[in-house]
Amino acid sequence: EVKVAGGKFEGKKITFEDDGTVAKSSRFDTDDALAGVKWKKVITKTLQNAPNGSMKVKKLQKAVAAAVLAKLEVAVCAKHIQSLVMHKLTSSSRFAVDGKIARCC
């Protein structure tokens with residue numbers, strides 16, 4: 001979101017056809033694209049593949065972001081994905097975060 005002239009601009013692109021009708025947007029909404037991702041499953045698989053079943057949080061965020069971006073057909077900001085991963089880590093009882101280390105419970 002960007003503030004423009006006192007209002008919030010979300011950056012949705014609208015294109016028009018020659019006859020004046022609105023064409024379908026060529027850009028997907030990122031929330032719709034990320035809604036179908038099974039976050040806990042991806043995080044669990046990534047942690048299980050790590051030695052000792054634990055990883056540093058930043059390394060885990062980057063690995064999960066790379067795995068999700070490889071499956072998605074839409075361009076999504078990696079930092080947005082990393083913040084979602086951190087939210088899932090802290091809100092789920094399936095994972096434990098001890099300082100900079102994340103592991104499965």
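Predicted model: local features only at pLDDT ≥ 70, side-chain atom pairs only at ≥ 80, totals over all residues.
I take helices (H or I, at least four residues) and strands (E, at least two) as DSSP runs, numbered from the N terminus. Residues are numbered from 1 along each chain as its sequence is written, and side-chain values use heavy atoms, with hydrogens and water left out.

**Entry 1. Serine 92**

I located serine 92 in the loop between α4 and β4. At 10% relative accessibility I record serine 92 as buried; buried means under 20% relative accessible area, exposed over 50%, and partly exposed in between (1.4 Å probe, protein chains only). I then looked for polar contacts, that is, pairs of N or O atoms within 3.5 Å; within protein, one atom must be able to donate a hydrogen and the other to accept it, and residues adjacent in sequence count only if both atoms are side-chain atoms. The side chain of serine 92 reaches the backbone nitrogen of arginine 94 at 3.1 Å.

**Entry 2. Lysine 40**

I found lysine 40 in helix α2 (residues 39–49). Lysine 40 is partly exposed, at a relative accessible area of 36%. For contact I required heavy atoms within 4.5 Å. Setting aside residues up to four places away in sequence, lysine 40 touches Ser92, Arg94 and Phe95. I also noted that lysine 40 and phenylalanine 95 stand 55 residues apart in sequence, with 9.0 Å from C-alpha to C-alpha.

**Entry 3. Threonine 46**

Threonine 46 is also in helix α2. I list threonine 46 as buried, at 15% relative accessibility. A polar atom of the threonine 46 side chain lies 2.8 Å from the backbone oxygen of valine 42. Beyond its neighbours within four places in sequence, threonine 46 is in contact with Met55, Leu60, Ala63 and Val64.

**Entry 4. Helix α3**

I checked the length of helix α3 (residues 57–71): its 15 residues reach 21 Å from first C-alpha to last, close to the 21 Å expected at 1.5 Å a residue. The expected span is 1.5 Å times one less than the number of residues. Buried in α3 are Val57, Leu60, Gln61, Val64, Ala65 and Val68. Seen down the axis of α3, these buried residues fall within an arc of 130 degrees, so they line one face of the helix; the arc is that of the directions from the helix axis to the C-beta atoms. On the other side of α3, I find Lys58, Lys59, Lys62 and Ala70 exposed.

**Entry 5. Helix α4**

The 14 residues of helix α4 (residues 78–91) should span 20 Å at 1.5 Å a residue, and the end C-alpha atoms are 20 Å apart, which agrees. I list Ile81, Val85 and Leu89 as buried in α4. Viewed down the axis of α4, the buried residues lie within an arc of 80 degrees, so they line one face of the helix. Lys79 and Thr90 are exposed on the other side of α4.

I counted strands as paired if DSSP finds at least two bridges between them. Strand β4 (residues 95–98) and strand β5 (residues 101–104) pair in the antiparallel sense over 4 bridges. The bridge partner of aspartate 98 in β5 is isoleucine 101. The hairpin has 2 residues between the strands, and glycine 99 takes a positive phi near 65 degrees.

**Entry 6. Salt bridge**

My criterion was a side-chain nitrogen of Lys or Arg within 4 Å of a carboxyl oxygen of Asp or Glu. The count comes to 1 salt bridge. The side chains of aspartate 98 and arginine 103 form a salt bridge at 3.3 Å, N to O. Aspartate 98 is partly exposed at 43% relative accessibility, and arginine 103 is partly exposed at 34%.
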